[in-house]
Amino acid sequence: MITVIGAGPSGVGMSILLKKLGLPFVLVDRDEVGASLAKWPEETTFLTPSFTAHGFGALDLNAVAPNTSPAYSLHKERFTGLEYQRYLKSLVAFYEIPFEKRGIYKIKKQGDAFKLSHSDGTSLSDFVIVATGEYGAPIQPFEAGKHVSTVTAYDEESTSVIIGGGESAADAAIHLAKHRDVLVLMKEQWGTQHHDPSTTLSPYTRQRLFPLLSDGSVKTRFVTVQAITEQDGIYSIKTDGGTVKTDHVPIVATGYKPNLGPFREWFEWDASGMPVLNDRDGSTIDERLFLIGPSVRQRNVIFCFLYKYRQRFAVVAETMLTLSDQQVDKDQADVFNDYIDNDMFLDDLSCCDAGCDC
Ligand SMILES: Cc1cc2nc3c(=O)[nH]c(=O)nc-3n(C[C@H](O)[C@H](O)[C@H](O)COP(=O)(O)OP(=O)(O)OC[C@H]3O[C@@H](n4cnc5c(N)ncnc54)[C@H](O)[C@@H]3O)c2cc1C
């Protein structure tokens, strides 16, 4: 038995592959399918565009399985978190994925198997695939301020100060600037271009943000925020360049970390706070426990976008077959070939360090 913990894009995508391979598994989540996405601010949309190009061998960037396309299902190029949740739910129904609503709060070893503790008791599993994402683990280093992951809509927010210099801060600034001028406190200027969208602003964000920087409706100040405190409704944001005061709750967009709370002890951790994985995305503590999704790192490759981490599902599945001494039969080989044909089997990472020539 295989247990996939977390029914977001990674858990659902992985489950579809396990179903196609005919392996015994269950997908579990403490919430409903796609719950993290349903919590996005209502104005926020995907950065990566979707297009129905799979008939010509180019899989939709936001698809989690071959021959599926959120652009086709949702009739859109960019969708909100709630809309993408609909795509995920339709996949779970279509592929008849066995799904159990249960939160896993502990994993222990019992003989060769894993014993998973959850609200209904315990269950045993030969393999565990952790797909718990990052959205459930926001980084909020300050005493006061509202983390962007708790914003439900920008029209209800009355803040004019945002802390952070990544995609979430930029997205918040773009939406808030429709209502009022915005000040963003960040360490360094937006703008440095890089071939890997994981380390810079996406083209979609640049195209929306830069006109607002030019017309002054979004202003930036390059400082390090040291503390945020609140007294009598006034927020004091202490920085290395002075204190900014505001009577609105500042939005804190300082990112996320791997959401591995109860499973932390199953991983070794590197100096940057990321879990260490073997070259098949297994834990270095137990190779039968895997991590999939945006926290996967292999050498310098950051798998934080869907179109990246979906390419590792088949690597994990193949590894589980090898570890169980199972031969790949003809039907399973066809499935793996389909994933290879769809650029969904990435085990040679030499592809992914390349820069951009134009
Ligand atoms: C604002 C925003 C915009 C984004 N835009 C893009 C984009 O354009 N393109 C792109 O590729 N990516 C984008 N991303 C990233 C993308 O959304 C994430 O990579 C993706 O949601 C991660 O999927 P996941 O399945 O790994 O985790 P999640 O979607 O976070 O799912 C994790 C699931 O695990 C469950 N869970 C957690 N702990 C437990 C437990 N102990 N027991 C049981 N269940 C548990 C949670 O309930 C949740 O349902 C964006 C993210 C954000 C926040």
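Predicted model: local features only at pLDDT ≥ 70, side-chain atom pairs only at ≥ 80, totals over all residues.
View 1. Residues are numbered from 1 along each chain as its sequence is written, and side-chain values use heavy atoms, with hydrogens and water left out.

View 2. A polar side-chain atom of Asp 29 lies 2.6 Å from an oxygen atom of the ligand. For Pro 9, a backbone N or O atom lies 3.1 Å from an oxygen atom of the ligand. Arg 30 places a polar backbone atom 3.2 Å from a nitrogen atom of the ligand.

**View 3. Helix α1 beside helix α4.** Helices are DSSP runs of H or I with at least four residues, numbered from the N terminus. Helix α1 (residues 9-21) packs with helix α4 (residues 81-94) at an angle of about 25°, and their axes are 10 Å apart. That makes α1 roughly parallel to α4 (angles under 35 degrees count as roughly parallel, over 145 as roughly antiparallel). Axes are lines fitted to C-alpha atoms over the stretch in contact, and angles run from 0 to 180 degrees between N-to-C directions. From α1, Pro 9, Val 12 and Ile 16 meet Tyr 84, Leu 88, Leu 91 and Val 92 of α4, where contact means heavy atoms within 4.5 Å. These residues divide into seven nonpolar, no polar and no charged.

**View 4. Helix α1 against helix α9.** The axes of α1 and α9 cross at roughly 145° and come within 9 Å. Ile 16, Leu 17, Lys 20 and Leu 21 of α1 make the contact with Gln 332, Val 335, Phe 336, Asp 338 and Tyr 339 of α9. Six of these residues are nonpolar, one is polar and two are charged.

**View 5. Helix α8 packed on helix α9.** Helix α8 (residues 313-323) and helix α9 (residues 330-341) pack at about 155°, with axes 11 Å apart. That makes α8 roughly antiparallel to α9. Ala 314, Ala 317, Glu 318 and Leu 321 in α8 meet Gln 332, Phe 336 and Tyr 339 in α9. The contact holds five nonpolar residues, one polar and one charged.

Key. Helix = DSSP H or I, 4+ residues; strand = E, 2+ residues; numbered from the N terminus. Parallel < 35°, antiparallel > 145°, perpendicular 65-115°, else oblique. Nonpolar A, V, L, I, M, F, W, Y, C, P; charged D, E, K, R; others polar. Polar contact = N/O pair within 3.5 Å; in protein donor to acceptor, adjacent residues only side chain to side chain.
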